[in-house]
Amino acid sequence: MLETWFCRNGDCYLSTAAAKSRAFHAPRPFITRALYSWSTQSHTMMINSRWKILLLFSAAFILLVLLKSPYSRYSSQYSNLGSRPGSYGVFQRPHCSSTAHHDNTKFQWACVPTRYPVSRMRSLPVAGSNKIPRIQATFPKESSSERTTRLARLDAVKGNFSHAWEGYKSHAWLRDEVMPLSGRPHDPFGGWAASLVDSLGWSPLSLLGCSSTLSNITQILCG
Amino acid sequence: MGLYDEFRSAVKAIEVIDFSTCALDEINVFETTIRYLGGFLSAYDLSGGQYPALLQKAGEMGDMLYVAFDTPNRMPITRWNFKAAAAGASQEAGENVLVAEIGSLTLEFTRLSQLTGDPRYFDAVQRIMDIFDAQQSKTKLPGMWSVVVNAKKEDFTGGTGFTIGGMADSLYEYLPKVRESNILKARFLTRPSNISSSAEPPISIANSSTTR
């Protein structure tokens, strides 16, 4: 059973399956709804494999249409950010049973009982419609020598990145850090692979490159 | 660079990270938030939401850190005894906490609420920002907050040391960023089923009421 929060007039309420099915039937286009339920592996709706194939093709088609839509550069970047429900995942919180605490079940932080519960939860502010302006510089057209310098610098950055990444992979994989001289692993942040997670956070830019079509946000950051 | 395979294998690797064990007895909630929670969330967003494992890990991390807020006044413990908390021990917020450590959690927790539709993370950090808001002009250098504040007594006015450098800088850095992230929420929000926003009047951060 999934927990779901509903927010109205600044108050939020915890609901479970009933509320989820209600939300599920909110008026949305059929294909979106079906895709959503498929992608979340909904317990309430089973879709057979023929439907899955059909939906997959439909989703690919819709994505193609979206990518080709002739919006102006920035408006399409921003307006598409939240419009691809099929591609977004869902956080699945573990089911906590009151009797399972001392069983062999894996410890889950979500199941630690709350001593001081919040009686009145506040919802997220509802967004305004302000557009954020472009903050990246507009670069003048570069000469061929400037281009050579820039590419050399880019290569230097890539070389340093690869050196650090390979060092971490071979000497401290899944540990917090690799020590630069001894090459030994070091865990000052709990030992949950801090360097890996931390670099995942910015590496879509460096690993995947600015030409990537993965993310509109990435395109915005690349300017 | 186009290192798609590297990225994919890195995402695959994080699936095995287990937050029920820890290499330390005490963790720094701020460092954990900005490195791990921030890392998972920004990787998830920058890769266009294509890797659900990243959001899953962010949620697991969020649920762990949320336990650090389980104090009588809902103020978080910044240097947190992880193992005692896991065992269900009683805990309360510190009387001398670094202002950056308690004031720079908002960006990650707000984004986690936006993506999961679960308001608890936003609620947790907004309670802190309410205190910053209410006491901003009552400090010894009105407009700024001292480097050390009292979370247990919810008194952010007692300190005499001020800086925009280390131990305070990220507080001031986060303020405009979180404001922008709330402005952009409608465009970034991807789970319409959880927020019945159509029936909701606009609420600004400053106007939302504080009730525990």
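A nonpolar core is a set of buried Ala, Val, Leu, Ile, Met, Phe, Trp, Tyr and Cys residues joined through side-chain atoms within 4.5 Å. Buried means under 20% relative accessible area, exposed over 50%, and partly exposed in between (1.4 Å probe, protein chains only). The largest such core holds 71 residues. Among them, A:W192, B:L54, B:M64, B:W80, B:I102 and B:F132 touch the most other members.

The model is predicted: local features need pLDDT of at least 70, side-chain atom pairs count only at pLDDT 80 or more, and totals for chains, interfaces and linings use all residues. Residues are numbered from 1 along each chain as its sequence is written, chains are lettered from A and ligands numbered from 1 in the order in which they are written, and side-chain values use heavy atoms, with hydrogens and water left out. The scores are ipTM 0.82 and pTM 0.71.

Chain B has 212 residues, and 59% of them count as buried. Its secondary structure comprises 9 helices and 4 strands. Helices (H or I, at least four residues) and strands (E, at least two) are DSSP runs, numbered from the N terminus. The order in chain B, from the N terminus on, is α-β-α-α-β-α-β-α-α-α-β-α-α. Contact means heavy atoms within 4.5 Å. Of the contacts in chain B with a separation of 6 or more, 65% come from residues 24 or more positions apart.

Chain B averages 85, and 84% of the residues score at least 70. Over residues 186–212 of chain B, pLDDT stays under 50. The model has 71 contacts beyond four places in sequence for that stretch. Where pLDDT is low, the predicted coordinates should not be read in detail.

B:F132 belongs to the largest nonpolar core. Leaving aside neighbours within four places in sequence, B:F132 is in contact with B:V99, B:I102, B:G103, B:W145, B:F156 and B:L171. B:Q126 is found in helix α7 (residues 120–135) of chain B. B:Q126 counts as buried, at 6% relative accessibility. Its C-alpha atom is separated by 16 Å from that of B:P72, 54 residues apart along the chain.

Chain A carries the disulfide (a pair of cysteine sulfur atoms within 2.5 Å). The structure holds 1 over all chains. A:C96 is joined to A:C111, with S to S 1.9 Å. The link is left-handed, with -80° about the S-S bond. Both cysteines lie in the loop between α4 (73–79) and α5 (144–172) of chain A, 15 residues apart. A:C96 is partly exposed at 33% relative accessibility, and A:C111 is partly exposed at 25%. B:C22 is in no disulfide; the nearest cysteine sulfur, that of A:C111, is 19 Å away. B:C22 is buried, at 13% relative accessibility.

Helix α5(A) has 29 residues. Buried residues in α5(A) include A:F161, A:W165, A:G167, A:Y168 and A:A172. Just after α5(A), A:L174 takes a positive phi of about 70°.

A:S199 is found in helix α6 (residues 194–208) of chain A. The residue is buried, with a relative accessible area of 8%. A polar atom of the A:S199 side chain lies 2.6 Å from the backbone oxygen of A:S195. The backbone oxygen of A:L196 lies 3.2 Å from a polar atom of that side chain.

How values were computed
Expected span 1.5 Å × (residues − 1). pLDDT = per-residue confidence, 0-100. Polar contact = N/O pair within 3.5 Å; in protein donor to acceptor, adjacent residues only side chain to side chain.
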